[in-house]
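Let us walk through this structure step by step. Keep the sequence beside you as you read.

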Amino acid sequence: MTATTVRSPSGATAVPHAPARFRQLLTAEWIKLWSLRSTYWVLGAGALTVIGINVNSAWSNADRLARLPAEPPAPPPGTPEKPVLTFDAMHTAFLDPAWQIFMVVACSVGAIAVFGEYTSGLIRTTLTAVPDRRAVVLAKAAVVTGVMTALGAAVACTALLCTQYLLRDHGGVSLADPDALRAVAGSALLAPLCALVGMAIGAVVRHAAGAVVGSILTLLLLPVLFQGETYRWVAEIGNAMPLSAWETLSGNHWGAGRYPVTVTEAWLVYAAWAAGALLVAVEAVRRRDA
Amino acid sequence: MCPPARCRTGPARATVVHVIEVSELTKRYGDTTAVRALTFTVRPGRVTGFLGPNGAGKTTTLRLLLGLDTPTGGTATVDGQAFAGRPRGLRRVGALLDAQDVHGGRSARAHLAALAASNGIPRRRVAEVLAEVGLADVAGRRIGGYSLGMKQRLGIAAALLGDPPVLVFDEPLNGLDPEGVQWLRALLRRLAAEGRTVFVSSHQMSEMELCAQDLVVIGRGELIAAESLGAFAARGTRRGVRVAARDPERLAAALRAEGAGVVAGEQGLTVTGADPARIGELALREAVVLTELTPLGSSLEQAFMELTADSVDYLAGEPR
């Protein structure tokens with residue numbers, strides 16, 4: 001290291017030399033995230049929406065179930081036996097529309113964290129202060145995924161506990177239930193996963209509207225395109241989407257289907273998307289002119 | 001005015017030379033060449049002005065120097081090392097490229113706190129640089145509400161955070177009020193007097209005239225001059241004097257006989273190759289009454305205009 005030969009300006013605090021540490025970048029990204037008012041709004045509104053939709057569903061289901069007669073009326077003689085009404089209480093905590101909204105919110109948080117730097121021009125200030133681009137992106141990813149994991153866990157637990165309390169007389173499950181625990185874990189981790197996908201899209205698109213549209217296309221519309229089961233490869237692509245993986249983990253079965261996703265496959269899909277998204281985000285920032 | 005600690009001047013005890021070295025630097029964007037084989041050196045202890053008409057490639061050069069863009073060819077180094085290869089930058093080079101390169105939703109304090117944290121700079125430096133640039137009172141307000149001049153000051157505060165030996169400013173005077181311009185000129189001179197390397201771009205010669213000691217002049221991405229202010233000024237050959245007289249023909253003949261160049265116009269004579277004192281003497285000898293004797297422009301401005309005349313990309317009123 002070279003010695004600094006200049007005098008400190010204004011005779012103020014001498015700025016001591018400090019070795020480069022990853023922790024410094026984590027602190028910087030933490031300050032950046034929480035010094036924007038939009039962070040509070042997006043995270044707060046997103047969490048309340050998901051919890052609200054699920055709790056409302058549980059509440060109305062509980063209400064309807066309470067009004068059902070204890071024994072269904074006997075069918076008139078001669079009619080074929082109807083299937084018994086089955087009610088999956090746990091499902092009310094993991095409603096598809098609610099969690100799809102959460103996916104978009106999480107993805108947007110990740111995308112904003114990256115494209116916000118590019119659209120404002122802040123990225124040039126950031127990279128002049130920290131020329132090590134890989135470290136900058138990794139630190140940002142660490143902070144965003146950390147916060148989103150905490151939020152995802154809080155939302156999933158709250159949604160489960162509230163809905164199952166409301167449905168306590170109609171087969172409500174507890175967090176100790178293995179299926180419930182897996183559903184909570186899968187839903188909690190959906191948030192950081194989508195945030196990473198958002199970061200990758202934000203780093204490639206670098207444009208606000210483009211990144212948000214890209215996020216919705218990737219997370220929600222792409223799986224719809226590959227829903228068919230006529231060709232196995234189409235179904236397998238559809239199965240490799242985060243949404244399909246989450247549906248398996250949260251126990252949202254829409255009939256077994258010809259090519260179901262196993263729980264192990266679902267976790268692998270999560271891991272692959274997270275790793276891929278991180279790689280894309282790092283390389284996009286590293287390779288292109290800022 | 002300023003506390004004594006700020007005004008100390010004198011030679012810095014230089015054991016390490018914080019030099020900016022640009023060598024054969026080239027950057028092409030598709031078919032356009034923004035910067036072509038640029039080579040120059042910026043030395044410590046002096047303010048070096050980086051001049052060129054709009055679109056000459058000044059900002060591109062600074063972006064290449066700071067590792068924001070990758071050069072097509074050549075190198076740009078600080079202390080012999082490419083800036084992009086360093087893990088942290090603020091203690092090495094303080095830079096203000098564009099005052100708008102901030103997020104409008106944050107406060108100045110949060111913006112600087114994040115920058116300081118990323119380089120392991122103590123938090124108290126934030127308050128110090130904010131006070132130094134005069135933003136202490138508005139530090140808690142969102143940057144989005146700042147004027148351009150306030151954003152320039154914030155950018156300068158960010159550049160000073162790491163107390164760096166090298167400072168790079170791109171058009172820092174833009175948007176500053178007259179008081180701000182005075183303040184910044186004094187700051188640049190002080191930073192150089194402290195032994196730092198100060199590299200300041202501008203498209204106006206007159207701005208640099210008052211604070212730069214060295215100049216790097218480029219036009220259309222190519223180097224025109226890299227020398228001291230005095231040497232550059234000496235290049236201005238057509239420095240003129242406007243003369244109005246009662247008998248202009250007689251004076252013009254006498255001036256031509258002395259070897260001066262004379263062009264007659266509506267406003268009188270434009271004389272080159274003779275200074276006002278010499279013209280006055282000739283007028284006295286010839287008994288011609290002078291009604292006006294005005295030196296035209298500064299020689300620096302003149303030299304700048306002459307040398308960059310061929311490389312002005314955007315010239316008003318002249319179809320190209």
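Start with how chain A is held together. Two residues are in contact if their C-beta atoms, placed from the backbone, lie within 7 Å. Among contacts in chain A between residues at least 6 apart in sequence, 80% join residues at least 24 apart.

A word on the source. This is a predicted model, where local features need pLDDT of at least 70, side-chain atom pairs count only at pLDDT 80 or more, and totals for chains, interfaces and linings use all residues. Residues are numbered from 1 along each chain as its sequence is written, while chains are lettered from A and ligands numbered from 1 in the order in which they are written.

The score pLDDT is the predictor's confidence in each residue, from 0 to 100. Chain A averages 87, and 88% of its residues score at least 70. Residues 1–11 of chain A stay under 50. The model has 29 contacts beyond four places in sequence for that stretch. Where pLDDT is low, the predicted coordinates should not be read in detail.

Now the elements. Helices (H or I, at least four residues) and strands (E, at least two) are DSSP runs, numbered from the N terminus. Chain A has 10 helices and zero strands. Of its 290 residues, 44% are buried. A residue is buried if 20 or more other C-beta atoms lie within 10 Å of its own, exposed if 12 or fewer, and partly exposed in between.

Look at A:Arg206, in the loop between α6 (178–205) and α7 (208–225) of chain A. Its phi is near 55 degrees, a positive value in a residue other than glycine. A:Arg206 counts as buried because it has 20 C-beta neighbours inside 10 Å.

B:Asp79 lies in the loop between β4 (73–78) and β5 (93–96) of chain B. The phi of B:Asp79 is also positive, near 55 degrees. With 18 C-beta neighbours inside 10 Å, B:Asp79 counts as partly exposed.

Move on to a sheet in chain B. Two strands pair if DSSP finds at least two bridges between them. Four strands form an open sheet in the order β11-β12-β10-β13 (chain B), with antiparallel pairing. Its edge strands are β11 (261–265) and β13 (290–295) of chain B, and each pairs on one side only. Five bridges join β11(B) to β12 (residues 268–272) of chain B. In β12(B), B:Leu269 is the bridge partner of B:Ala264.
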